[in-house]
Amino acid sequence: MGNGTRLGRVRGLGSSKHGSQHWLQQRLTALGNILLVTWFVVSMFRLDLGDHAAVHRWASNPTVALALILLVVSVFWHFRLGLQVMIEDYVHGEAVKLLSLVILNFYAIGGAAYGIFAIVRIALAPAAGLAPGGM
């Protein structure tokens, strides 16, 4: 007859059908994070971090910049998904829950946008003729 309890079906509170999609998104972003963070850490160990120009040249590579952008998107998306579940489960007031979710979305989107902007600025700096660290 359907999912959920009889009382839930009467009230229209059966399965929302979004839990499995959310679960899958969390697992896929976690897998992406494992791969991309491992690549990033290994790359950092291979670089001379004391040489700003070497790190700038590395980050200016279009392939590296794309991987860094994917890393930023994956980390902030995973962050948002995880905190959304925590807020939905543990914040009980509807107004506070809504406000918390709105703030979370602004923070996640703003942080990801700022990270992407910084990576694009580094990647395009050589094309614009800007010196590393210059404006």
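**Figure 1. Contacts and overall make-up of the protein chain.** Among contacts in the protein chain between residues at least 6 apart in sequence, those that join residues at least 24 apart make up 65%. The model is predicted. The protein chain contains 5 helices and 0 strands, and its pattern along the sequence reads α-α-α-α-α. Of its 135 residues, 26% count as buried. The protein chain exposes about 9700 Å², and 70% of this area is supplied by carbon and sulfur atoms.

**Figure 2. The largest nonpolar core.** In soluble globular proteins, nonpolar side chains tend to be buried together. The largest nonpolar core here has 11 residues. They are M44, L47, W58, A59, V64, A65, L68, I69, V72, A112 and I119. Two or more residues of this core come from each of the elements α3 (52-60), α4 (62-90) and α5 (94-128). With 5 residues, α4 gives the most to this core. One member of the core, M44, is in contact with L49 and W58, leaving aside its neighbours within four places in sequence.

**Figure 3. The aromatic pair of F40 and W58.** A pair of aromatic rings is described by the distance of the centres and the angle of the planes. A search of the whole structure finds 5 aromatic pairs. One of them is formed by F40 and W58, with 6.4 Å centre to centre and 50 degrees between the planes. This pair is tilted. F40 lies in helix α2 and W58 in helix α3, so the pair ties together parts that are 18 residues apart in sequence. F40 counts as partly exposed because its relative accessibility is 28%. W58 has a relative accessible area of 16% and is therefore buried, the cut-off for buried being under 20%. W39, F40 and W58 form one aromatic cluster. W58 also belongs to the largest nonpolar core.

**Figure 4. A nonpolar patch on the surface.** The residues V37, V41, F45 and V75 form this patch. Together they have about 370 Å² of accessible area. Helix α2 (residues 19-46) supplies the largest share of the nonpolar patch, 3 residues. F45 is a residue of helix α2. Is F45 buried or exposed? Its relative accessible area is 73%, so F45 is exposed; the cut-off for exposed is over 50%.

**Figure 5. The salt bridge between E94 and K97.** Side chains of opposite charge can pair when their charged atoms come close. A search of the whole structure finds 1 salt bridge. In a salt bridge, the side chains of E94 and K97 meet at 4.0 Å, N to O. How many residues apart are E94 and K97 in helix α5? They are 3 residues apart in this helix, so about one helical turn separates them. E94 is exposed, as its relative accessible area is 58%. K97, in contrast, is buried, with a relative accessible area of 17%.

Figure 6. F79 is found in helix α4. With a relative accessible area of 30%, F79 is partly exposed. Which residues does F79 touch, not counting residues up to four places away in sequence? They are L104, Y107 and A108. F79 and A30 are 49 residues apart in sequence. In space, the C-alpha atoms of F79 and A30 are 9.7 Å apart.

Figure 7. A123 lies in helix α5. Leaving aside neighbours within four places in sequence, A123 is in contact with A59, S60 and A65. A123 and W58 are 65 residues apart along the chain. Their C-alpha atoms are separated by 9.2 Å. W58 is the residue that forms the tilted aromatic pair with F40.

Definitions and conventions: Residues numbered from 1 in each chain as written. Predicted model: local features only at pLDDT ≥ 70, side-chain atom pairs only at ≥ 80, totals over all residues. Heavy atoms only, no water. Core = buried A, V, L, I, M, F, W, Y, C linked by side-chain atoms within 4.5 Å. Buried < 20%, exposed > 50% of the residue type's maximum accessible area, 1.4 Å probe, protein only. Helix = DSSP H or I, 4+ residues; strand = E, 2+ residues; numbered from the N terminus. Contact = heavy atoms within 4.5 Å. Patch = residues over 30% accessible without salt bridge, like charges linked within 9 Å, V, L, I, M, F, W, Y side chains within 5 Å. Areas by Shrake-Rupley, 256 points an atom, 1.4 Å probe, with all protein chains shown as cover. Phe/Tyr/Trp six-rings, centres within 6.5 Å; stacked < 30°, edge-to-face > 60°.
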